[in-house]
Every structure is written in structure tokens, then in C-alpha cells.
Amino acid sequence: MTPLTAHPSPRFGGDTALPGDKSISHRALILAALASGTSRISGLLASDDVAATEAAVAALGARVERDTDGVVHVTGAEWRSPSGPIDCGNSGTSARLLIGAAAGFEGLAATFIGDASLSRRPMNRIVDPLRRMGARIEGGETLPLELVGARLGGIEHESPVASAQVKSAILLAGLRTEAPVRVIEPRPSRDHSEIMLAQFGVEGAVEEVEGGIAIALGARRDLVATDIAVPGDPSSAAFVWAAAAMIPDASVTTRGVLVNGTRTGFLEKLEAMGARVRLDHHYLCSGEPVADVTVAHERLEPVQVGPDEVPAVIDELPMLACVAAMAEGESCLEGIGELRVKESDRVGAVAAGLTANGVTTFATEDSLRILGRGEVPGGRMVSTRHDHRIAMAFLTLGLAARRAITVDDADPIATSFPEFAEVMRGLGGGIAAP
Ligand code: S3P
């Protein structure tokens, strides 16, 4: 456990690039490992979560090499049994997508394990539909799970949660069958799997249906190697944007960030709160929209988030709750029950961290109200509960609070944004050992 402190930083701003998007990095490795031929991936995120997926696809039979420019070359293969357990570490995306992708390889047997946090997270949301497709999975509702590859059939799955991990697990399993495969989700979740499958030559169709959105695989399901460029991660950029929104006179520009509409909820909420937000230099990067994003401080109004808006801001809600604490008035985040089954119980972790630092909050099972007073007293320690986004959200808040905020454990930041402290320091953020 490495504690870290963020000090009030009145001069914050500048220009920065960000590491590659985590969701897209996982998918690039997995799809390349399933494809025929060699794919080249540039801008792949270097973090513990993505390293877990990289080690997994190598153990399952793909060849993974790096050239001197840091471009990762992945040669796909028929997946086979790994020599030991597949360790997904802290990464839910690795576990859920890999289990789906591996389920249809007959003859493969693999055990999937994870760290203490991942071993508490629900897996029945993928195991149940995969079993209905014919997958053979031994174990309960959580990791460890044992998978024996089997011949799969089709499915029409109505997911009760809007989860890209569930949708992707089923679509990836569906690549191994010719039968109809269709997932219906109540609200659109991030669509990186669909976009990247098209890059690898796989057909699909998306349509609005009663009660949500349906995503179906088409007839062409063979993946052909391609080159993928991974854009900057908006979920990491969110901390930089939040600091700029909260600190008087601050302005930052983040270059080459993913601005896919299933991920821009945080930017839209910052703008609704009064921050100045500008997007320039739009372009497409392996099918994904990318832009330079500038965020600048203005006086912040409270924010309201409803259930329909949650998927596009899901990973940024801890940071949004902290920004809301800097606004004057009552903010309310509703329909956020999914946050309780992330890397930690994020509703509980955020409420506890804000309360410790002098902010009044009211939490229910699936909502959080924050009584903002235009400033945050700070000065106290926050327990990160081994959750990277809790650590980064409170360190970011510490840059804008009246007194420093310390997190008890900054180590989990390495799962998604190892350069976080360095990037913040480069923009004037006072982050240091306590
Ligand atoms: C992710 C999907 C989201 C998100 C997670 C990454 C993905 O989870 O919270 O950080 O890459 O598919 P759910 O799909 O479970 O909502």
C-alpha cells in the first residue's frame, strides 16, 4: 500500500496526451488473437489490466511481439488449453470477454482466476447466457471458474443490465457458431466491440427494439487480421478535465482522445455544470471518433444524472460526484446501482471519502445525493478500497480542495493509468508522497 497526497494547486493547466483507451486495448488484443494473420496495434495501453489480457491471449495460443516503436504485433491462432490458470488480476473486462471468447473452442480447458476484488464481482451475468449457448462452465457465481470449450449454439439474450462486458462476452462466443446470436440491452452500452469487429471483417446489425437496443451478429464471423490504432482514454482524461473544471482559471487541452458518444457522458455533464468544453480536430481512428478536448473552469452548478444517462458516464461517476461537491447546491446521481459491483462498492467508497473531507452526502442502494457548498474542506485521508478510480478521483479533488487529501493506497492506479501522477504534475498538480 503506497499512500499519496494531492495538495491544493491553484495554477493548473496546459496541454497533454493520454495513454490508450483501456476498453479498446483489451478488445484489440482479444480480436487480434482470434483473427487469421498478424495484426499491428499502436497506442496500446500499458497498464496492469491490459497486461493481464495480453498474458492471457499469449497463454491461449496467440503470438504477441513488440517492435522497437512499441507497436504490438499479435498473430491469431486456434485457442488451446493454457499451461496454468488465466489470471485476470483486477480486470473484469479481461475475465468476462476472455471467458466468452474462449467458450467455443472445443478441446480447450482453462481456469480463470482474479484478485480478491475481481473474485467478488458477479460472473453469473455472463455464465448464465453462455451456458444457454452450450458453454461448459464449472463454478459458482464468481471466479474462479473452470471452462471447457464446447460446441456452441445461438442465443437471443435480453440482458437486464446495460453492460458492454456482457454484450461483448456473448458476441465473442457467437463468433464460434453459425446460429443466430442477438443481445438486447435496456440502454446502449459502449459499442467498441461492435466497431472493432467490423474492422476485423465481421458483420453485425444494430436496431432499436421495444425495451432497448438489439445487437446481432451477421453471417460473416471469420476475423481477418488488421491494424488498430488505440485513441486516448476519456476515462483517464476525465481526471484532467475535472481538475480544470474545478480549479479557478485552469484550462487544459487533451490531444487525441476517444469521443465515442457511448463514453462522453462526463464531458456533457461538465458542460451542463457550466465548465467550458471545446472539441477540435475531429478524426476517425480505427472506426472510432477522436478529437482534441479543451476544458476550462467556470463557476459550477449542481448536476443531475438519471438512469438513462448512466452507461455513458459509468466509470466517471466517482469523479463526477467529487466535482459535484465543488458546485453550490444539491446534485443527485440516480440509477447507479451498478457502481456497487465495480472494482469496489463505488457508491459506498465515494460517500465515505466525501464525508471524511467535509461534504454531506446521502446514499441509497442506487443513488447518491451530494450537498455542494462551492468548496471542499479536504484535509483528510481516503480509503481507496483497492480501486484505481476512487484513488484518482480523490487525488484530483485534493488539487481543488482547501486542504490536501491523502489516499491510503495509490497502487491500484497502475491498473488503468500508471502515468496519472506524472501527467497531473506536468500540468501543475501537486501530487507527492505524504
Ligand atoms: C467496460 C465496460 C463497463 C465499464 C468497464 C469497462 C468494457 O463495464 O465499467 O470499466 O470495457 O466493456 P460493464 O460492461 O460491466 O458496465
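Author: Two strands are said to pair if DSSP finds at least two bridges between them. Helices (H or I, at least four residues) and strands (E, at least two) are DSSP runs, numbered from the N terminus. The model is predicted: local features need pLDDT of at least 70, side-chain atom pairs count only at pLDDT 80 or more, and totals for chains, interfaces and linings use all residues. Residues are numbered from 1 along each chain as its sequence is written, and side-chain values use heavy atoms, with hydrogens and water left out.

Reader: Which residue in E24 is the bridge partner of Ala6?

Author: Strands of a sheet pair through backbone hydrogen bonds, either parallel or antiparallel. Here Ala6 has Ile431 as its bridge partner in E24. Strand E1 (residues 4-7) and E24 run antiparallel and are joined by 3 bridges. Both belong to an open sheet of 4 strands, in the order E22-E23-E1-E24 and with mixed pairing. Strand E22 (381-382) and strand E24 (430-432) are its edge strands, each pairing on one side only.

Reader: In the open sheet with the order E6-E7-E9-E8, which strands stand at the edges?

Author: That sheet has 4 strands and mixed pairing. Strand E6 (86-87) and strand E8 (136-138) each have a single partner strand, so one side of each lacks a neighbour in the sheet. Strand E7 (residues 109-113) is joined to strand E9 (residues 145-148) by 4 bridges, and the two run antiparallel. Leu145 in E9 is the bridge partner of Phe112.

Reader: What does the domain assignment give for the protein?

Author: Domain bounds come from an automatic or database domain assignment. It gives domain 1 (4-20 + 232-432) and domain 2 (22-229). Their centres, taken over C-alpha atoms, are 28 Å apart.

Reader: How much area is buried between domain 1 and domain 2?

Author: The size of an interface is often given as the accessible area lost when the parts come together. Buried area is the accessible area (1.4 Å probe) that two parts lose on being put together, summed over both. For domain 1 and domain 2 the value is about 2,300 Å², with carbon and sulfur atoms giving 48%. Ser286, Glu343 and Thr415 supply 23% of the area that domain 1 buries against domain 2, more than any other three residues.

Reader: How many salt bridges does the rule find across the interface of domain 1 and domain 2?

Author: A salt bridge requires a side-chain nitrogen of Lys or Arg within 4 Å of a carboxyl oxygen of Asp or Glu. The rule finds 4 across this interface. Separately, Asp315 forms a salt bridge with Arg190, their closest N and O atoms being 3.2 Å apart.
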